[in-house]
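Hi everyone, thanks for coming. I'd like to walk you through one structure today, so please have a look at it while I talk.

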Amino acid sequence: MKKRILCFGDSNTWGAIPAGSGRFDETVRWTGRLQSLLGSEYTVIEEGHNGRTTVFEDRVENRMAGLDYLWPCLDSQSPLDLVIIMLGTNDTKTYFGASARNIADGAARLVRTAAESPFGPEWGHPQVLLTAPIRIEPHVLLEGLFGEQAAAKSRDFSREFERAARETGCHFLDASLYASPGPEDGLHLGPDGHAALAEAFCAKVKEIL
C-alpha cells in the first residue's frame, strides 16, 4: 500500500511566487518535486494555505489558525503515515507579539494533535515531522508585517523548533539549512529553494518511512 504523506504549511507549501501573484506550478513546488523524487510508492498531499499560523487566529488578514483546521484535515486525508508540519513564519507578524519560543510552542501543539490522532494506518497514530521554517530576510516590500523584528525571531527558529521536536518526541528538520527566501521579498522560496527543500525532505522521509 502506498505511504501517504500530508504536507501542512503556509504559502511556502502552497508555492507562492516571491513578490508576485499566483503560485508556482507543481513541477516547481517542493511538494510536487517531493512526489517525483519519492515515486509511485508514495502519495504526497499538499495542504498549504497563505497566511496560515500555528495557533493564532488572524483577524486582520482573515486567516484561520493551523490548529483549528488540522484535525478535520487529518480526518479527511486519512490514513496518513507521516504528517509534515512547516508553520511559524506568519506568527512573526508584528501584531501577534509572539517570541520564537511562543511560536515553537504553538507548533508543538500541532505536533501533539497529529501524533495523538487516530488517523494513521489501521487507526493508529501517524508519525510527525516538525520543520523549522526558513529564515526571513528584511525587505521593504513587507516591512509593515515582516520587518527586522520578524527576521530576528526567525533566526531563533532552528533552536526553538528543535527543542519543541525533542520535547514532543517527533522527527525534526531545519529548512534553513537547505533553503533561503528569494531576494524579491525575503519571505518566499524561489525555484532553487523549492528544489533544495524537496531533496532534503525526500532524504528525511526515506529515513522515517
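Predicted model: local features only at pLDDT ≥ 70, side-chain atom pairs only at ≥ 80, totals over all residues.

Which residues of helix 4 are buried? They are Ala100, Ile103, Ala104, Gly106, Ala107, Ala108, Leu110, Val111, Thr113 and Ala114. These buried residues pack against helix 3, strand 3, strand 4, helix 5 (148-154) and helix 6.

Let me pick out one of those partners. In general, a packed pair of helices is described by the angle and the distance between the two axes. For helix 4 (residues 100-115) and helix 6 (residues 157-168), the axes come within 9 Å and cross at roughly 35°. That crossing is right-handed. On the helix 4 side the contact includes Ala104, Ala108 and Val111, and on the helix 6 side it includes Phe157, Phe161 and Ala164. Sorted by class, this contact has 9 nonpolar, 1 polar and 5 charged residues.

Now for the core. The largest nonpolar core has 30 residues, and Leu6, Leu74, Val83, Ile85, Leu130 and Phe161 are the ones that touch the most other members. At least two residues of this core come from each of strand 1 (3-9), helix 3 (66-77), strand 3 (82-86), helix 4, strand 4 and helix 6. Helix 4 gives the largest share, 8 residues.

Take Leu74 as an example: leaving out residues up to four places away in sequence, it touches Leu6, Leu80, Val83, Thr113, Ala114, Ser117 and Phe119. Another core, of 23 residues, lies apart from the largest one, and among its members are Cys7, Leu38, Ala200 and Cys202.

Let's follow Leu74 to one of its contacts, Phe119. Phe119 sits in the loop between helix 4 and strand 4 (127-132). Is Phe119 buried or exposed? Its relative accessibility is 5%, so Phe119 counts as buried. Again leaving out residues up to four places away in sequence, Phe119 touches Trp71, Leu74, Asp75, Ser78, Pro79, Leu80, Gly124 and Pro126.

One last stop is helix 7 (residues 191-208). Helix 7 has 18 residues and reaches 26 Å from its first C-alpha to its last, close to the 26 Å expected at 1.5 Å a residue. Among the buried residues of helix 7 are Ala200 and Cys202, along with His194 and Lys204.

Definitions and conventions
Residues numbered from 1 in each chain as written. Heavy atoms only, no water. Axes fitted to C-alpha atoms, helices over the stretch in contact; angles between N-to-C directions. Helix = DSSP H or I, 4+ residues; strand = E, 2+ residues; numbered from the N terminus. Left-handed = near helix turned anticlockwise from the far one by under 90°. Contact = heavy atoms within 4.5 Å. Nonpolar A, V, L, I, M, F, W, Y, C, P; charged D, E, K, R; others polar. Expected span 1.5 Å × (residues − 1). Buried < 20%, exposed > 50% of the residue type's maximum accessible area, 1.4 Å probe, protein only. Core = buried A, V, L, I, M, F, W, Y, C linked by side-chain atoms within 4.5 Å.
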